[in-house]
Amino acid sequence: MHDTWKTVERLVEWLDAESGVSPEVARLLRVLKISEEAGEVAEAVHGVMGSNPRKGNSHTWDDVRAELCDVILTGMVALKTISPDAEKVFAERLDRIAERSLGG
């Protein structure tokens with residue numbers, strides 16, 4: 001079984017070691033990176049739908065899936081960067097949303 005949060009922690013450690021900016025700036029940039037990745041999902045969806053006549057059908061649903069994974073991973077990295085107990089924070093939020101949306 002894949003230990004997702006351990007991998008996220010390793011990625012954060014790697015990013016911290018390689019970053020040339022202060023920890024405060026790194027936190028900000030990692031949160032902002034989510035918007036960049038979300039834009040790439042939007043671009044891929046437009047590409048699937050062929051909504052840009054100049055580009056036509058430039059993407060596939062596999063591209064959209066990959067970009068969505070990038071958004072999720074980027075969010076996890078940002079959360080781990082600003083919260084040492086990211087796994088607990090995420091689990092509690094998921095439980096809260098599920099309870100609100102799905103009931104008891």
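How many aromatic pairs does the structure hold? I find 1 aromatic pair, counting rings of Phe, Tyr and Trp (its six-membered ring) with centres within 6.5 Å.

Ground rules before I go on. This is a predicted model, so I note that local features need pLDDT of at least 70 and side-chain atom pairs count only at pLDDT 80 or more, while totals for chains, interfaces and linings use all residues. Residues are numbered from 1 along each chain as its sequence is written, and side-chain values use heavy atoms, with hydrogens and water left out.

**Entry: the aromatic pair**

The partners are Trp 5 and Phe 90, 6.1 Å centre to centre with 50° between the planes, and that is a tilted pair. On the angle scale, planes under 30 degrees apart count as stacked, over 60 as edge-to-face and the rest as tilted. Trp 5 sits in helix α1 (residues 4–18) and Phe 90 in helix α4 (residues 86–102), so the pair ties together parts 85 residues apart in sequence. My helices are DSSP runs (H or I, at least four residues), numbered from the N terminus.

Buried or exposed, I asked for Trp 5? Trp 5 counts as buried, at 13% relative accessibility. Phe 90 is partly exposed at 42%. The cut-offs I use are under 20% relative accessible area for buried, over 50% for exposed and partly exposed in between (1.4 Å probe, protein chains only).

I also looked up what Phe 90 touches: Trp 5 and Leu 79, leaving out residues up to four places away in sequence. Contact here means heavy atoms within 4.5 Å. Phe 90 and Leu 79 are 11 residues apart in sequence and 8.4 Å apart in space, C-alpha to C-alpha.

**Entry: helix α3**

I checked the length of α3 (residues 61–82): its 22 residues should span 32 Å at 1.5 Å a residue, and the end C-alpha atoms are 32 Å apart, which agrees. The expected span is 1.5 Å times one less than the number of residues. Its buried residues include Val 64, Val 71, Met 76 and Val 77, and I also see Glu 67 and Lys 80 listed among them. The buried residues of α3 pack against α1, α2 and α4.

**Entry: salt bridges**

I get 6 salt bridges, each being a side-chain nitrogen of Lys or Arg within 4 Å of a carboxyl oxygen of Asp or Glu.

One of them joins Glu 36 and Lys 33 at 3.1 Å, N to O. Both lie in helix α2, 3 residues apart, about one turn of the helix. Glu 36 is partly exposed at 42%, and Lys 33 is partly exposed at 32%.

Another joins Lys 55 to Glu 43, with the closest N and O atoms 3.8 Å apart. Lys 55 is in the loop between α2 and α3 and Glu 43 in helix α2, so this pair ties together parts 12 residues apart in sequence.

In α4, I noted Lys 88 and Glu 92, 4 residues apart, about one turn of the helix; their side chains meet at 3.3 Å, N to O. Salt bridges that share partners join Lys 33, Glu 36 and Glu 37 into one network.

**Entry: a greasy patch**

Last, I looked up a nonpolar surface patch of about 420 Å², made by Val 21, Val 25, Leu 28, Leu 29 and Leu 32. Patch residues have over 30% relative accessible area and no salt bridge; nonpolar side chains (Val, Leu, Ile, Met, Phe, Trp, Tyr) are joined within 5 Å, like charges within 9 Å. Areas come from the Shrake-Rupley method with a 1.4 Å probe. Leu 29 lies in helix α2 (residues 23–49) and counts as partly exposed at 45% relative accessibility.

Note on methods
Helix = DSSP H or I, 4+ residues; strand = E, 2+ residues; numbered from the N terminus.
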